[in-house]
Amino acid sequence: MRFRKIHGAGNDFVLLSDLEPDGGKDWPKEAERLCARRTGVGADGLVISRLVSEHPAVLEITCFNADGSIATMCGNALRCSAWAAHHDRGIQRMSLHMAGVVHEAVVADDSVWVTAEVGAIMPRRLQTVINGRPTWFDSAHTGTEHVVAIVDDVDAIDAVMVGRLVRHHHDLAPLGTNVNFVQSAGSQALKIRTYERGVEAETLSCGSGAVAAVIVATMRGLVARRAVTVHNRAGEPLMVRPHDDRPNRTQWVGGPVTNTFEGVLA
């Protein structure tokens, strides 16, 4: 079984494309095994991509987090899947189906773009103390659950410790949430750190988190309702911009994709 190790702006995955049907495979267990950093390939998630239709181009994408749970939305997994479809089949525009939601995807020369659907936004969802200061988190659903705190300096925060506490906060039970710390980084630019549910660690980049950060930052007046650059821990920024046809409920998120290596699973 051949695989790709691929990452979208630092958010890395084991990607399996066009597998033969295997009804007996325990994919959650496989995700835990393959994503283990020391004993497996090592990744934030396992992504399975299947071509459903070539004309028009439609792919079914399933993403398992490193702990074996299913991701309802993962922008970087979608972007990596679109890159692979373009590389393998020459497809430039396609529809990607993940967890019952249809996403548009476009592969350009130096970036891959996918859509994220924006759901409920709840200001001041919960409060906690960070470095001695009471801090509010707003929530924004961008295909999956996110909370966002606007802070002065993301680098001064213990993102793992605080992220884990907020991720398991009783006000967010039973699902929990992804946790984002965001600061202004100049005109139409943000800096972000994300603790991801399912990975249970800080990741270098998060596509749906970047969208949530822009939604909250726009609501808070930090950025205008147009393209925003989101700087992440990987040093490979993502760009978020409103969809031309559905600016109030759909955002594009785009950035680089890197095919790191390919191999055969034992």
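This passage describes the overall form of a predicted protein model and then several of its local features. In this model, local features need pLDDT of at least 70 and side-chain atom pairs count only at pLDDT 80 or more, whereas totals for chains, interfaces and linings use all residues. Residues are numbered from 1 along each chain as its sequence is written, and side-chain values use heavy atoms, with hydrogens and water left out.

The protein chain contains 4 helices and 17 strands; these are DSSP runs numbered from the N terminus, with helices (H or I) of at least four residues and strands (E) of at least two. Its radius of gyration is 18 Å, close to the 18 Å that the globule rule gives for 266 residues, so the chain is as compact as a globular protein of that length. The radius is taken over C-alpha atoms, and the globule rule is 2.2 Å times the number of residues to the power 0.38. Along the principal axes, the C-alpha atoms fill a box of roughly 55 × 40 × 30 Å.

Of the 266 residues, 53% are buried; buried means under 20% relative accessible area, exposed over 50%, and partly exposed in between, for a 1.4 Å probe and protein chains only. Among contacts between residues at least 6 apart in sequence, 60% join residues at least 24 apart, where contact means heavy atoms within 4.5 Å. The chain has 27 positive and 30 negative side chains, and the centres of the two sets lie 3 Å apart. Lys and Arg count as positive and Asp and Glu as negative, while His and the chain ends are not counted; the place of a charge is NZ of Lys, CZ of Arg, CG of Asp or CD of Glu.

Helix α3 spans residues 159–167, and its residues A159, V162, G163, V166 and R167 are buried. They cover an arc of only 130 degrees around the axis, which puts them on the same side of α3; the arc is that of the directions from the helix axis to the C-beta atoms. An α-helix has 3.6 residues a turn, so residues three or four places apart point the same way. The cover over the buried residues of α3 includes strands β8, β9, β10, β11, β12 and β13.

Strand β10 holds H146, which is buried at a relative accessible area of 1%. Beyond four places in sequence, H146 touches residues including D138, N180, C206 and A212. Q251 lies in strand β16 and is buried at 5% relative accessibility. Beyond four places in sequence, its contacts include V114, I215 and H243.

The loop between β4 and α2 contains A66. A66 and R197 are 131 residues apart in sequence, yet their C-alpha atoms are 9.6 Å apart in space. Outside the four places on either side, A66 is in contact with residues including A31, C35, G198 and V199.

Most residues other than glycine have a negative phi, and most peptide bonds are trans. A cis peptide bond joins H55 and P56, with omega about 0 degrees, and P56 is in the loop between β3 and β4. The bond from A173 to P174 is also cis, with omega near 5 degrees; P174 lies between α3 and β11. D18 has a positive phi near 50 degrees and is partly exposed at 36%. For E200, phi is positive at about 55 degrees; this residue is in the loop between β12 and β13 and is partly exposed at 24% relative accessibility.
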